[in-house]
Amino acid sequence: MPNFLLVSGGCERPNGYELGEGKYYERARLLRIDIHSGAVDIILEKGDGGENYPGEHPNLQYTSCCLVGDTLWLPTDTEIFKLSYPDLAVQKIISYPFFHNIHAVNVFDNELYVSSTGLDLVAKLDFDGNILEIFNTEGKEVWHRFSKDQDYRLVHSTRPHDCHPNFTFMLNNQPWVTRCRQQDAVCLEDVTQKIEITDPKKRISVHDGILHKDRIYFTSVDGYIITANPNTLKIDEEINVLDALNNEKLGWARGLTICENNIAYIAFSRLRRTRMKEKLAWLAKGQISKMSGMPACVLAFDLINRRIVNRYNIPLGHVDAIYGLELVDV
């Protein structure tokens, strides 16, 4: 069984809210949690931008990573780092002008699937970084809205997004992606194939999508794990993880990985101020200010017995926003 949990995310700027969209985070960090002792270590960070970022106030965060063998694919908003693991030596950096607000990278059949959330795209690349295919997540022409001649890495924000694609997964040998705006998951090769996850009118953001054994597991930001049947493409259960905490409210739920023993690890970011008030509509009045000082954390949740078996609080200052979780042996 794995011994550690990699946690990828970012640290807020003190004046990030005042600066606005695409300027919230000043430092990308990768943490490692010992799942036995609970010890939390900072093992990698990035505190400067570069040619692939805006010149002023670059948004620096590590988003959802993927470990394959001894290679860690670790994205930022605009780059993908190919790192050897566990020594974290940089082997390659991949970046394209259409990389903007990358939320996740996943590997299927020796190919990278990159969620370029800011442009509503998913790119399929080989391990050398060559582009194999680009999908618009509404099934439209890739450049129907954005220009292939502009360098979007140098732009802070492209909001509002049409889809806000988050996380890719493979189902029946076809790539799928979760879409925050539509509250669903769709097949990238045929977006008419879809799984309706939550009611779009509720504005509860959908994030992770993981195929585990005979179910697909999704997260919603209000602390639910939602399961779907991969054969019928229908939701069959909604699990309120916070019920096991007597419905204690935590921050933004995003980041999920599941052990073979059916322990799900789900991450909760430290709540931050946002101009998109509807994204916090699931919180009652008064809860936002009460929760603002709470640290980010990770819960270990037993999917069979429906109980929390461990809680890992992230020390304040280590990371505020969590994007991804990855189980590792060392």
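Helices (H or I, at least four residues) and strands (E, at least two) are DSSP runs, numbered from the N terminus. The model described here is predicted, so that local features need pLDDT of at least 70 and side-chain atom pairs count only at pLDDT 80 or more, while totals for chains, interfaces and linings use all residues. Residues are numbered from 1 along each chain as its sequence is written, and side-chain values use heavy atoms, with hydrogens and water left out.

- Proline 86, which sits in the loop between strand S6 (80-84) and S7, is joined to tyrosine 85 by a cis peptide bond with omega of about 20 degrees.
- Another cis peptide bond, with omega of about 0 degrees, links arginine 159 to proline 160, and proline 160 belongs to the loop between S11 and strand S12 (165-171).
- Aspartate 109, in the loop between S8 and strand S9 (111-116), is not a glycine, yet has a positive phi of about 50 degrees.

**The open sheet**

- Four strands make up an open sheet in the order S8-S9-S10-S11 with antiparallel pairing, where two strands pair if DSSP finds at least two bridges between them.
- Strand S10 (residues 121-125) pairs with S11 in the antiparallel sense over five bridges, and lysine 124 has glutamate 133 in S11 as its bridge partner.

**A buried phenylalanine**

- Phenylalanine 99 lies in the loop between strand S7 (90-94) and S8, and is buried, with a relative accessible area of 0% (buried means under 20%, exposed over 50% and partly exposed in between, with a 1.4 Å probe and protein chains only).
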